[in-house]
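Dear colleague,

Please find below the structure that I am handing over to you. A short account of the findings comes after it.

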Amino acid sequence: MSDQTGAEFNFDFWRNCEPRRSTYPACRAVITARYFNKEHAMLEAIQKGYYLLAKNPSNADDLLSFAQQVGIDTNEFLQLFGCDLLNQEFQQELQFVQQLPVHGFPSLVLYYQNQYYAIAINYTNADDVITRIRDVLTQS
């Protein structure tokens, strides 16, 4: 996969971690970071931790470490991460995603003229993706 995408991977994750399939803790951590204006930084920290450092984004300790790395007070992060308000926001986002034309992750969805369009992703040819987007824009 690295050859095709140019992305770096550290496969030690599969040797050093107990893999879990739930992305919910990481998603909740990103939503939590949003309240501190650190959403993108948290997303990057989680991705780097997973892909390069063999950290498990399903583990609370790793998520807390990522929060600290991006400059979020760990006590404030923990308090918000576990509160009802965050649970409600997470559930609302899940409901929203379920309404989109998404059948897997990652996905690319174009919102244009009050409609959502699934755009097939070609990781090795950006021009292909741009063409698909242009097709939607010109057919609508």
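The notes that follow go from the whole chain to individual residues.

This is a predicted model, in which local features need pLDDT of at least 70 and side-chain atom pairs count only at pLDDT 80 or more, whereas totals for chains, interfaces and linings use all residues. Residues are numbered from 1 along each chain as its sequence is written, and side-chain values use heavy atoms, with hydrogens and water left out.

The protein chain contains 8 helices and 2 strands; these are DSSP runs numbered from the N terminus (helices H or I, at least four residues; strands E, at least two). Their order from the N terminus is α-α-α-α-α-α-α-β-β-α. Of the 140 residues, 27% are buried (under 20% relative accessible area, with exposed meaning over 50% and partly exposed in between; 1.4 Å probe, protein chains only). Among contacts (heavy atoms within 4.5 Å) with a separation of 6 or more, 55% join residues 24 or more positions apart. The chain exposes about 9,800 Å², of which carbon and sulfur atoms supply 49% (Shrake-Rupley method, 1.4 Å probe; for residues, only the protein chains shown count as cover).

The largest nonpolar core has 14 residues; such a core is a set of buried Ala, Val, Leu, Ile, Met, Phe, Trp, Tyr and Cys residues joined through side-chain atoms within 4.5 Å. Ala29, Met42, Ile46, Leu63, Phe66, Ile72 and Phe77 touch the most other members. At least two residues of this core come from each of helices H3 (24–34), H4 (39–51), H5 (60–69) and H6 (74–81), and H3 gives the largest share, 4 residues. Not counting residues up to four places away in sequence, Ala29 touches Met42, Ile46, Leu63, Phe77 and Phe81.

Asp62, in helix H5, is buried yet has no salt bridge (a side-chain nitrogen of Lys or Arg within 4 Å of a carboxyl oxygen of Asp or Glu). The nearest side chain of opposite charge, Lys55, is 4.7 Å away (Lys and Arg count as positive, Asp and Glu as negative; His and the chain ends are not counted). Leaving aside neighbours within four places in sequence, Asp62 is in contact with Lys55 and Asn56.

Ala54 is found in the loop between H4 and H5 and is buried, with a relative accessible area of 8%. Gln113 is found in the loop between strands E1 (108–112) and E2 (115–119).

Yours sincerely
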